[in-house]
Amino acid sequence: MVTGAGSVGSVPRLVIAAPSSGSGKTTVATGLMAALSARGMAVSPHKVGPDYIDPGYHALATGRVGRNLDAYLCGAELVAPLFAHGARGCDIAVVEGVMGLFDGAAGEGELASTAQVAKVLRAPVVLVVDASAQARSAAALVHGFVSFDPEVRVGGVILNKVGSERHEVVLREALEAVGVPVLGVLRRGARVETPARHLGLVPVAERAADAVAAVDAMGAMVAEGCDLAGLVALASSAGPLVGAAWDADEALVSSPPPPLPFPSLGAAPQGPPVGRPGGPRPQTPDGPTVVALAGGAAFSFSYAEHAELLTAAGAEVVTFDPLRDEELPEGTSGGVIGGGFPEVYASELSANEGLRKQIAELAASGAPVAAECAGLLYLCRELDGMPMCGVLDASARMSERLTLGYRDAVAVSDSVLAAAGTRMRGHEFHRTVVEPGAGDSPAWGVRVPERRVEGFVVGGVHASYLHTHWASAPGVARRFVERCRTS
């Protein structure tokens with residue numbers, strides 16, 4: 001059983017997986033979350049892997065924060081504690097898988113696969129099968145997935161894109177011989193509009209009413225076509241978890257403290273005369289340490305645990321929207337600008353000149369600014385020819401080439417996030433190019449897919465394409481907040 005602080009016991013849970021990407025698992029998982037929530041259940045939503053977009057739809061379906069379970073970024077040992085953290089107070093948990101059931105980090109066996117997470121969580125798997133171009137062969141496919149790894153328990157199948165009643169009968173008869181129950185059938189004509197673009201689905205933050213309608217449609221489709229009682233019963237058969245739920249305060253206590261005083265971080269970026277963004281910054285250790293966290297449609301990629309760790313480290317985390325807000329939050333002592341789609345909103349971001357100037361002033365003051373991917377682009381001189389914050393002596397542009405994959409990284413330079421030599425794992429996912437790709441003091445050195453350095457450490461600025469998960473290294477948050485207090 002899960003024991004210790006934050007215990008959640010044996011919350012019923014199941015994993016929605018598929019033989020391959022494109023089979024419909026996002027529609028099924030989100031629809032199941034919505035259908036169960038509509039019946040009054042408190043549903044805990046989770047996503048295997050680093051994806052930020054699907055958890056936004058999960059949050060809309062459940063009214064709870066969508067959380068990622070990534071054995072590569074965080075380590076397999078943190079999967080169950082992070083799951084338990086998210087599932088506190090819930091009646092059931094639904095975990096959406098990534099890619100095919102057994103697909104994970106390239107060349108790393110089962111690492112970061114849906115199968116690995118299902119085994120760690122001792123959770124039954126529901127396999128979503130695209131039956132549009134097959135009949136009896138679907139049974140052979142399911143049989144292969146059932147037998148491939150005996151430690152993964154496939155407890156049922158949901159058939160997607162079934163063409164007719166006769167098609168359904170043939171599929172059910174074939175699967176009955178395999179001994180795997182059919183827990184749902186979704187018709188080929190039942191379509192839910194989920195617009196996509198260059199990096200996948202359009203995030204919830206950009207779709208507003210359309211996203212709500214899409215999630216409602218997914219919920220109605222799953223409620224009509226699936227055996228909800230059977231799925232809940234299967235979830236209740238999950239085995240007990242061992243260990244305590246993750247807790248931000250406890251994670252900081254157990255992590256090594258940052259070295260003080262801070263090492264030299266190099267010169268602050270050259271910018272306009274230093275002002276005080278959003279008003280005067282506190283000058284005493286007893287005052288609030290305000291960390292401005294970018295959000296809104298252009299910067300919607302952020303793991304919830306980052307804000308929780310910053311708060312546990314003593315910061316007051318205040319969200320601002322670079323598309324709408326003309327000033328940073330009052331008393332800003334540092335900034336975190338995560339991922340998103342600034343390339344889609346480059347003209348609007350550029351037009352908000354007052355905020356761009358304040359961010360440049362914040363960086364020039366030596367205050368810590370952590371930027372990932374979209375944040376990196378925003379700090380450049382320009383993006384697709386349009387002026388950005390000008391904190392970094394670099395330019396950014398859209399590219400035809402998709403850069404995607406996990407990265408094993410080491411900090412090259414001392415920064416507000418980590419001391420040189422610190423190992424972290426990250427993930428890249430973008431169709432943009434920054435030139436140059438690294439500054440005189442690079443942020444990271446990476447080994448895969450080729451050896452290179454990337455990113456920028458300038459003064460209190462740490463800017464990089466790498467997305468990292470701070471739960472794997474809680475000291476990052478503490479180091480950042482301490483720098484906010486002393487800059």
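What is the volume of the largest cavity?

1. The largest cavity has a volume of about 180 Å³. A cavity is a set of points, on a 1 Å grid over the protein atoms alone, where a 1.4 Å probe fits but cannot get out; its volume is the space filled by probe spheres set on the points. The count comes to three cavities of 30 Å³ or more.

2. This is a predicted model, in which local features need pLDDT of at least 70 and side-chain atom pairs count only at pLDDT 80 or more, while totals for chains, interfaces and linings use all residues. Residues are numbered from 1 along each chain as its sequence is written, and side-chain values use heavy atoms, with hydrogens and water left out.

3. Lining residues have an atom within 4 Å of a point.

4. Leu 362 belongs to helix H14 (residues 353-364). Leu 362 is buried, because its relative accessible area is 3% and buried means under 20% (1.4 Å probe, protein chains only). Leu 362 and Val 461 lie 99 residues apart in sequence, yet 9.8 Å apart in space, C-alpha to C-alpha.

5. Helix H14 is mostly covered, with nine of its twelve residues buried, among them Arg 356 and Glu 361. After H14 comes Gly 366, whose phi is positive, near 90°.

Definitions and conventions
Helices (H or I, at least four residues) and strands (E, at least two) are DSSP runs, numbered from the N terminus. Buried means under 20% relative accessible area, exposed over 50%, partly exposed in between (1.4 Å probe, protein chains only). On a 1 Å grid over the protein atoms alone, a cavity is a set of points where a 1.4 Å probe fits but cannot get out, and a pocket is an open set with protein on both sides within 12 Å along at least five of seven lines; lining residues have an atom within 4 Å of a point.
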